[in-house]
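Colleague: I would like to go through this model with you and ask what stands behind each of the words you use for it.

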Amino acid sequence: MPPNGNLRGMNVKNRIEEIRTERGIRQEELARAMGVSRQTISSLENGRYNPSIMLAHNIAVYFGMTIEEVFIFEE
């Protein structure tokens with residue numbers, strides 16, 4: 001995350017699909033654990049949707065990782 005915390009103009013990528021498939025977790029399972037729809041997980045994985053900070057945090061915790069290990073912030 002940029003030092004000033006401003007995400008405007010930032011491209012946010014993620015490793016959700018990579019991590020999820022490595023661990024044999026289906027989109028439906030992750031969605032249920034996060035309290036969101038499978039379509040939300042699909043949209044996250046395809047870069048069509050950026051998660052709230054709470055959802056990003058919860059996904060990272062679910063995987064036992066930090067937000068920075070799951071989400072990549074690029075200018």
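**Helices and what covers them**

Modeller: Helix 2 and helix 4 are oblique to each other. Before we go on, this is a predicted model, in which local features need pLDDT of at least 70 and side-chain atom pairs count only at pLDDT 80 or more, while totals for chains, interfaces and linings use all residues. Residues are numbered from 1 along each chain as its sequence is written, and side-chain values use heavy atoms, with hydrogens and water left out.

Colleague: Why are helix 2 and helix 4 called oblique to each other?

Modeller: Helix 2 (residues 27-34) and helix 4 (residues 53-63) pack at an angle of about 120°, with their axes 10 Å apart. Angles under 35 degrees count as roughly parallel, over 145 as roughly antiparallel, 65 to 115 as roughly perpendicular and the rest as oblique, and therefore this pair is oblique. The axes are lines fitted to C-alpha atoms, for helices over the stretch in contact, and angles run from 0 to 180 degrees between N-to-C directions. The helices themselves are DSSP runs (H or I, at least four residues), as strands are (E, at least two), numbered from the N terminus.

Colleague: Which residues of helix 2 and helix 4 meet?

Modeller: Leu-30, Ala-33 and Met-34 of helix 2 meet Leu-55, Asn-58, Ile-59, Tyr-62 and Phe-63 of helix 4, where contact means heavy atoms within 4.5 Å. By class, 7 of these residues are nonpolar, 1 is polar and none is charged; Ala, Val, Leu, Ile, Met, Phe, Trp, Tyr, Cys and Pro count as nonpolar, Asp, Glu, Lys and Arg as charged, and the others, Gly among them, as polar.

Colleague: What makes Ser-43 buried?

Modeller: Ser-43, which is found in helix 3 (residues 38-45), has a relative accessible area of 18%. Buried means under 20%, exposed over 50%, and partly exposed in between (1.4 Å probe, protein chains only), so Ser-43 is buried. Ser-43 touches Arg-48 and Tyr-49, not counting residues up to four places away in sequence. Helix 3 is mostly covered, with 6 of its 8 residues buried, and these buried residues pack against strand 1 (11-14), helix 1, helix 2 and helix 4.

Colleague: How do you know that the buried residues of helix 4 line one face of the helix?

Modeller: Those residues are Leu-55, Ala-56, Ile-59, Ala-60 and Phe-63. Seen down the axis of helix 4, they fall within an arc of 135°, so they line one face; the arc is that of the directions from the helix axis to the C-beta atoms. On the other side of helix 4, Ile-53, Met-54 and Val-61 are exposed.
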